[in-house]
Structure formats: C-alpha cells, structure tokens
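Hi,

Here is the structure I promised to send over. Have a look at it first, and then read on for what turned up.

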Amino acid sequence: MLAAAAVTKLRPTLRPGILAQVIGRASPRHEAVRQYTDKGVVAVKEPFKVQLEVGKLYAWCSCGLSNKQPFCDGSHKKVGMTPVRFKIEETREAWLCGCKQTSDRPFCDGTHRTDAVQNTELGQNVAA
C-alpha cells in the first residue's frame, strides 16, 4: 500500500478520467508516478463477503487504496476519486468487489477471475 507520507503532490495526466500521483523521486530528474483510472487500482483479487444492514449508509472504496477494504477510509482524497455510497433495502449477506474493476459497483460481478485482473500486481491498474 501507498504510505500517505510518500505522497508529495497530485498532477492530472493528459488522458481524461485518469489522475497521476507522484509518490516520490527516484532521482533528482525522475519522478515515480502511479496512475489511477476511474475504476481504481486492484486492492485484492477476490470479493469480500459482508453482512449488510437495512437503513445503514455504506461507502465502498472505489480507488483501491483504503486500509479498511472493502469500505472507504478517505484515501481517495489523495487521487481525486470518490467512494460509492449505497443503502440496501433488506438486511442480507453480499459479495462486495475487491478488485475494483466490477461493472456492478459495489457488488462483485466476477471480474476478479479474468486474466487481466489476475495478472495485475496489487496496488496497480489493470492494463487496458
């Protein structure tokens, strides 16, 4: 995981929908950069089984940086993303996405099983 102290500044890239985060300097002339897509980085390669309660407001981590996965801890503020806030209509068990690549946010749709996700290192973007 990315330590908050390592973050020096944020800089948008030229591609819309993506932010680049400068995470330190490898040398005086070179910056190490990590990019965040609108789907976030891969936090884990499996879903989280959770018990959701009716009437409670949940904030699912969409950036992949939270230390309280699958829920938000505010880490998205470093990269300009927002969590997915949701309520459910009945108390139930659910599988929330851990890879952050689901098309049914915040619920798992099985995308974590794809080669693209399985071949991606944790904390990195899935290759386009």
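Going along the sequence, the order of elements is β-β-β-β-β-β-β-α, so 7 strands and 1 helix in total (DSSP runs numbered from the N terminus: H or I of at least four residues for helices, E of at least two for strands). Bear in mind that this is a predicted model, where local features need pLDDT of at least 70 and side-chain atom pairs 80 or more, while totals for chains, interfaces and linings use all residues. Residues are numbered from 1 along each chain as its sequence is written, and side-chain values use heavy atoms, without hydrogens or water.

Of the 128 residues, 40% are buried (under 20% relative accessible area; exposed is over 50% and partly exposed is in between, with a 1.4 Å probe and protein chains only).

Now to strand β7, residues 92-96, which holds Trp 95. Trp 95 has a relative accessible area of 47%, so it counts as partly exposed. Beyond its neighbours within four places in sequence, Trp 95 is in contact (heavy atoms within 4.5 Å) with Pro 47, Phe 48, Lys 49, Phe 107 and Cys 108.

Lys 49 also turns up in the structure's 1 salt bridge (a side-chain nitrogen of Lys or Arg within 4 Å of a carboxyl oxygen of Asp or Glu). Its partner is Glu 93, at 3.6 Å from N to O. That pair ties together distant parts of the chain, with Lys 49 in strand β4 (residues 48-52) and Glu 93 in strand β7, 44 residues apart. Glu 93 is partly exposed, at 47% relative accessibility.

Cheers
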